Amino acid sequence: MLKRKQKPLFPTKVVDNKEIAPGIFTLETEKKFDFIPGQVVAVALSAREEPRLYSIASGKQNEHIRLLFDINPDGLLTPRLSKLNPGGEILMSEPFGRFLGSEEPAWWIATGTGIAPFISMAESGFSNNKTLLHGARKPSDFWFSDLFVQNLKTNYHRFATRESGPGIMDGRLSHWLNMQTNLPNNIKYYLCGNANMVIEVRDILVSKGIPFENVIAEIYF
Ligand SMILES: Cc1cc2nc3c(=O)[nH]c(=O)nc-3n(C[C@H](O)[C@H](O)[C@H](O)COP(=O)(O)OP(=O)(O)OC[C@H]3O[C@@H](n4cnc5c(N)ncnc54)[C@H](O)[C@@H]3O)c2cc1C
């Protein structure tokens, strides 16, 4: 099998690591490089292992880099990442990737930890003229919702599939999207999350006349 060319990794100090909900962590590190909101970094704990990718989930002016991750209990990296303490060290690449936020009008669509790049975009001041569709299982899974309520106001739409809550619509965001008749077709749609969601939403958007090139996708695997 052809191995991906590995990006150089740099020793990077951990400054904070918090469990913000069961199994969900924000890991903050020193910031060695500037980045464009939406970009990812490769992370590993030793040079011998294949790095995993994480979206940067902090504003471009912030002093530190924040990552948002959930524990994969059988995973190689995330159980160990969750145990890091301030002062510990990880290996991190320079930021890279083409999922790039901007100040142009756009729709942001995310499920699960796929909200991470939109946290970076919102904290970087890109919330004007944005609509966010945010899907999760239950009301307590909308991490960083205060940030989006404050910045996007009525353009922030939450969808929960398992439990209801105030201000949250029941069901999948894809069902709601399917019922819309007048989606703007001259703006970009940024999709981030698991492959099933991204592929389903992209198909819906294209079936409603959104040009394929206006759909920008970041698939987490
Ligand atoms: C562009 C992108 C951005 C992402 N951003 C985030 C994010 O912001 N937050 C988040 O929680 N997750 C994110 N992910 C998922 C993340 O990279 C990891 O897959 C996840 O954290 C689980 O890692 P793990 O090592 O614990 O689990 P593992 O099950 O060990 O690995 C998970 C994935 O890593 C890959 N992998 C496993 N073994 C190998 C190997 N030997 N060689 C190469 N690859 C291997 C496979 O794709 C596997 O499905 C992102 C993924 C991508 C592609």
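In helix H2, Ile 119, Ala 122 and Glu 123 meet Leu 147, Phe 148 and Asn 151 of helix H3, a contact being two C-beta atoms, placed from the backbone, within 7 Å. The residues of this contact divide into four nonpolar, one polar and one charged. Here Ala, Val, Leu, Ile, Met, Phe, Trp, Tyr, Cys and Pro count as nonpolar, Asp, Glu, Lys and Arg as charged, and the others, Gly among them, as polar.

This is a predicted model, in which local features need pLDDT of at least 70 and side-chain atom pairs count only at pLDDT 80 or more, while totals for chains, interfaces and linings use all residues. Residues are numbered from 1 along each chain as its sequence is written.

The axes of H2 (residues 116-123) and H3 (residues 145-152) come within 10 Å and cross at roughly 45 degrees. Axes are lines fitted to C-alpha atoms over the stretch in contact, with angles from 0 to 180 degrees between N-to-C directions. H2 and H3 are therefore oblique to each other; angles under 35 degrees count as roughly parallel, over 145 as roughly antiparallel, 65 to 115 as roughly perpendicular and the rest as oblique.

The ligand is surrounded by 19 residues, and the closest are Glu 50, Phe 69, Gly 75, Leu 77 and Thr 78. A residue is near if its C-beta atom, placed from the backbone, lies within 6 Å.

S4 gives the largest share, four residues. By class, the shell has ten nonpolar, five polar and four charged residues.

Conventions
Helix = DSSP H or I, 4+ residues; strand = E, 2+ residues; numbered from the N terminus.
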